[in-house]
Amino acid sequence: MSEIKEITALEILDSRGTPTIYCEVTLSSGIQGFSMVPSGASTGEHEALELRDKDPNRYFGKGVLKAVANINGPINELLKGQSVLDQRSIDEAMISLDGTKSKSKLGANSILGVSLAVARAAANFKKMPLFESISPDKNYLLPTPMMNILNGGAHADNSLDFQEFMIRPFNAPTFAEALRWGSEIFYSLRSLLKEKNHVVSVGDEGGFAPNLSSDEESLDFILKAIEKAGLRPKTDVSIALDCAASEFFDKESKTYIEKKKKLSGHSFLSRTAKEQVEHLQKLCKNYPIDSIEDGLDENDWEGWKSLTQSLGKEIQIVGDDIFVTNPEFLQKGIDSDIGNSILIKLNQIGTLTETLDTMALAKKSNYKCVVSHRSGETEDSFIADLSVATACGQIKTGSLSRSDRIAKYNRLLQIEHLLSDSSKENLFYHK
Ligand code: PGA
Ligand code: ZN
């Protein structure tokens, strides 16, 4: 009865109004599972391939009808009759049908859509919450949310080169309280920005996108917002950055440039890798920053090494574009002492099984995992369950606005409620 009867897919839209995939798996028992696939903007070069139609007459080439047809046709044929209780066999069957390293034949978006819908169908079949079905070991933790309250880089049409300025309310007693702290800081920031006549419209991940003049000015606003909300920077709430530095690395001069200033015709600074590391060190000295993601370009392994040497003992150094949730890249990073943490994005690798394998490798190697959304999201809250199931302790899923972000926070509230009578004393991960 857990066998797949049919898999169907549909072209839907993500939070940017760009096509993506809705996938539904129906079992012979009639039980179903669905998924919706996310999509990035500042993608890593080595991510698995997101198959798009490239038909200029539809959605500027971004349609996903070919990927949808791959699910309705060959993947449906391949998996019909297989039990959803064997996630690994299903994911491996799709990987070998595709036959390419980057999943470019069927598309990682098709494969992931099916992989996640299968996981949900399995949970529904077992009559279990998704997190419990993914990991029955009951060692659950609610993650510390990393909330991106100031957006820049490729996610906002403003002056900021760093993509994400996040708050981490790690000292909250529960996830629900952490969320309240985040919301109160977000609205405190809003009024501080308004006071200084800055725009308070939001970027792709729901954080404000004002035209501030420097990283320091952004961090000063966040510090004041934490205090205005009645909380203590460093003691209650720390700051995390995602520089997404590949976006402003100038390949020709091999320097990190103030790209937004350059694009708007203003004079701009450029920093060598060494200077970029020094800049980050200085920010960490002056502000309560305890996590930096993609501080350097994804191919600048030398720069990464020196960043890890200079800051890796004190703070979290997270690899996103450099590791792309891929065990091979992570292993290379581990062997070369690069970073101490990895960002986990399901669609960078393309199946749930490979994602869990990458997380297991990280854990074994004492690297921390941060489960993450993409800048293009949907109302699918799968990653909330994934973060609890793996007890990784941290989730990055945007700011305190936009339902595509809030859907994940709301799911975590439900899970915390669901687990509240469990015998475990504290379910909330602190730091
Ligand atoms: P992306 O941004 O989804 O556009 O890649 C998120 C991130 O860089 O962490
Ligand atoms: Zn990133």
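Analyst: Start at ligand 1. A backbone N or O atom of Ser42 lies 2.9 Å from one of the oxygen atoms of ligand 1. The model is predicted: local features need pLDDT of at least 70, side-chain atom pairs need 80 or more, and totals for chains, interfaces and linings use all residues. Residues count from 1 along each chain as written, chains are lettered from A and ligands numbered from 1 in the order written, and side-chain values use heavy atoms without hydrogens or water.

User: What makes the Ser42 pair a polar contact?

Analyst: The cut-off is a pair of N or O atoms within 3.5 Å; within protein, one must be able to donate a hydrogen and the other to accept it, and residues adjacent in sequence count only through two side-chain atoms. At 2.9 Å, the Ser42 pair therefore qualifies. Side chains contribute too: a polar atom of Asp320 is 3.1 Å from a ligand oxygen, and one of Ser375 is 2.6 Å from a ligand oxygen. The protein covers 100% of the 280 Å² of accessible area that ligand 1 has on its own (Shrake-Rupley, 1.4 Å probe; for residues, only the protein chains shown count as cover).

User: How many residues surround ligand 1, and which are the closest?

Analyst: There are 15, each with a heavy atom within 4 Å. The closest are Ala41, His155, Arg374, Ser375 and Lys396.

User: What makes a residue a donor of the zinc ion (ligand 2)?

Analyst: A donor is an N, O or S atom within 2.8 Å of the metal (3.2 Å for Na, K and Ca). Asp242 (OD), Glu293 (OE) and Asp320 (OD) lie 2.0 to 2.2 Å from the zinc ion, so these atoms pass. Water is not among the atoms, so the site may look incomplete. Along the chain the donors are spaced D-x50-E-x26-D. Asp242 sits in strand E6 (residues 238-242) and Glu293 in strand E10 (residues 289-293), 51 residues apart, and the pair links distant parts of the chain.

User: Why are Asp242 and Glu293 called buried?

Analyst: Buried means under 20% relative accessible area, exposed over 50%, and partly exposed in between (1.4 Å probe, protein chains only). Asp242 has 1% and Glu293 has 1%, so both count as buried.

User: Which residues show the other classes?

Analyst: Asn366 has 70%, so it is exposed. Leu413 has 30%, so it is partly exposed. Leu413 belongs to helix H14 (residues 403-419). Its C-alpha is 29 Å from that of Cys243, across 170 residues of sequence.

User: What makes helix H13 (residues 382-390) mostly covered?

Analyst: Eight of its nine residues are buried. Among them are Phe382, Leu386 and Val388. Ala391 follows H13 and has a positive phi, near 50 degrees.

User: What makes E7 and E9 edge strands?

Analyst: The open sheet has three strands in the order E7-E8-E9, paired antiparallel. Strand E7 (249-250) and strand E9 (270-271) each have a single partner strand, so one side of each lacks a neighbour in the sheet. E7 and strand E8 (residues 255-257) pair over two bridges, and Phe249 faces Tyr256 in E8.

How values were computed: Helix = DSSP H or I, 4+ residues; strand = E, 2+ residues; numbered from the N terminus. Pairing = 2+ DSSP bridges.
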